[in-house]
Amino acid sequence: MSAPIFNRIALIGLGLIGSSIARGVRACGAATEIVGTARSTATRGRVVELGILDQVFDTPGEAVKGADLVVICVPVRTTSAIAEAIASDLAPGAIVTDVGSVKQSVIRDVEPHIPDGCVFVGGHPVAGTEFSGPDAGFAELFYDRWCILTPSEKSTPDAVKKLSAFWQALGSNVETMAPDHHDLVLAITSHIPHLIAYNIVGTVADLETDTRSEVIQYSASGFRDFTRIAASDPTMWRDIFLANRDAVLEMLGRFSEDLSTLQRAIRRGEGEKLFELFDRTRNIRRNIIEAGQETAEADFGRGHTISSGED
Ligand code: NAP
């Protein structure tokens with residue numbers, strides 16, 4: 001248990017990320033009191049049933065009153081409306097942060113609403129699953145994962161320090177980064193891979209419909225792994241691509257050029273070129289495992305039981 005870093009933390013949005021923060025804070029003691037709100041009565045009711053917050057309010061304005069830390073955990077293009085809705089209810093000196101997967105657009109949209117005496121520091125826990133909603137959250141989600149803070153010129157060093165301590169208490173490794181650099185790095189490491197997954201699963205689904213074949217039934221593990229990523233929340237990912245348009249388009253340009261090179265190598269039978277790339281990429285995976293960001297177990301650590309009905 002850590003000593004409380006904040007007195008009262010308010011979570012706006014109680015899905016995978018918001019509810020994981022609530023559970024994590026409960027477990028580590030980083031705040032004395034946890035309150036929050038979500039858009040729908042269904043989610044608010046479910047969170048009351050789960051008992052992971054001390055109090056659930058009907059509106060964002062009510063939820064942030066008296067909070068010294070406010071964490072906005074909604075899809076990125078909704079963040080601005082939330083900032084506007086809470087502005088007049090923020091306690092003097094409150095630190096406001098978010099968890100959005102895109103940072104430049106969020107800072108641009110949120111900061112104008114932050115009143116004098118309060119501070120906004122953008123944040124992004126690089127941790128998640130393909131599941132959504134309050135039941136999907138768990139306290140260990142951020143453990144040993146990176147949390148990137150993207151302070152702007154208006155963010156104070158004191159607020160950045162307190163927020164870093166908060167994420168460390170949840171088990172994260174904290175890094176600060178310029179917002180534009182964050183968006184470029186995440187475009188290639190997270191956003192483009194999701195776009196590829198959405199695309200390939202869409203292509204296979206169309207093929208299945210067109211040919212009435214058994215493509216899905218007999219899909220190899222490569223395709224199955226893409227379907228996990230492509231099962232991610234459609235609202236969240238629509239917002240990410242629209243909010244990080246420039247960085248995604250730039251990285252997509254590079255990706256397309258490299259794909260054309262591979263296409264040509266296959267057409268020309270240039271096996272050495274293919275082998276050289278595949279060998280290099282295998283080393284990248286080894287480096288990720290060595291950095292503790294992935295399991296070395298076969299088939300991504302999925303447990304397998306032998307059953308007579310499976311071969
Ligand atoms: P989620 O499970 O779908 O939860 C979203 C929450 O936001 C829900 O409580 C929802 O309320 C609320 N919400 C949606 N629209 C709203 C609105 N207009 N006003 C008020 N509340 C609203 O999503 P999540 O995975 O927690 O993602 C939240 C944020 O975390 C996103 O910005 C995402 O980019 C970022 N993030 C996600 C991941 C990931 O892997 N999922 C990882 C890192 C960062 P209702 O339930 O009532 O609709």
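How many helices and strands make up the secondary structure of the protein chain? The count is eleven helices and eight strands. The model shown in these views is predicted.

**View 1. Overall dimensions of the protein chain.** The radius of gyration is 22 Å. The globule rule gives 19 Å for 311 residues, and the two values are close, so the protein chain is as compact as a globular protein of that length. Along its principal axes, the C-alpha trace spans about 65 × 50 × 40 Å.

View 2. Of the 311 residues, 41% count as buried.

View 3. The chain exposes about 17000 Å². Carbon and sulfur atoms supply 54% of that area.

**View 4. Charged side chains.** The protein chain carries 29 positive side chains. Its negative side chains number 42. The centres of the two sets lie 2 Å apart.

**View 5. Two domains of the protein chain.** Domain 1 covers residues 6-177. Domain 2 covers residues 181-269. Which residues does each domain bring to the contact, by number? Domain 1 supplies 15 residues, and domain 2 supplies 17 residues. Taken over C-alpha atoms, the centres of domain 1 and domain 2 are separated by 29 Å.

Technical notes. Residues are numbered from 1 along each chain as its sequence is written. This is a predicted model: local features need pLDDT of at least 70, side-chain atom pairs count only at pLDDT 80 or more; totals for chains, interfaces and linings use all residues. Side-chain values use heavy atoms; hydrogens and water are left out. Helices (H or I, at least four residues) and strands (E, at least two) are DSSP runs, numbered from the N terminus. The radius of gyration is taken over C-alpha atoms; the globule rule is 2.2 Å times the number of residues to the power 0.38. Buried means under 20% relative accessible area, exposed over 50%, partly exposed in between (1.4 Å probe, protein chains only). Accessible areas come from the Shrake-Rupley method with a 1.4 Å probe; for residues, only the protein chains shown count as cover. Lys and Arg count as positive and Asp and Glu as negative; His and the chain ends are not counted. The place of a charge is taken as NZ of Lys, CZ of Arg, CG of Asp or CD of Glu. Domain bounds come from an automatic or database domain assignment. Contact means heavy atoms within 4.5 Å.
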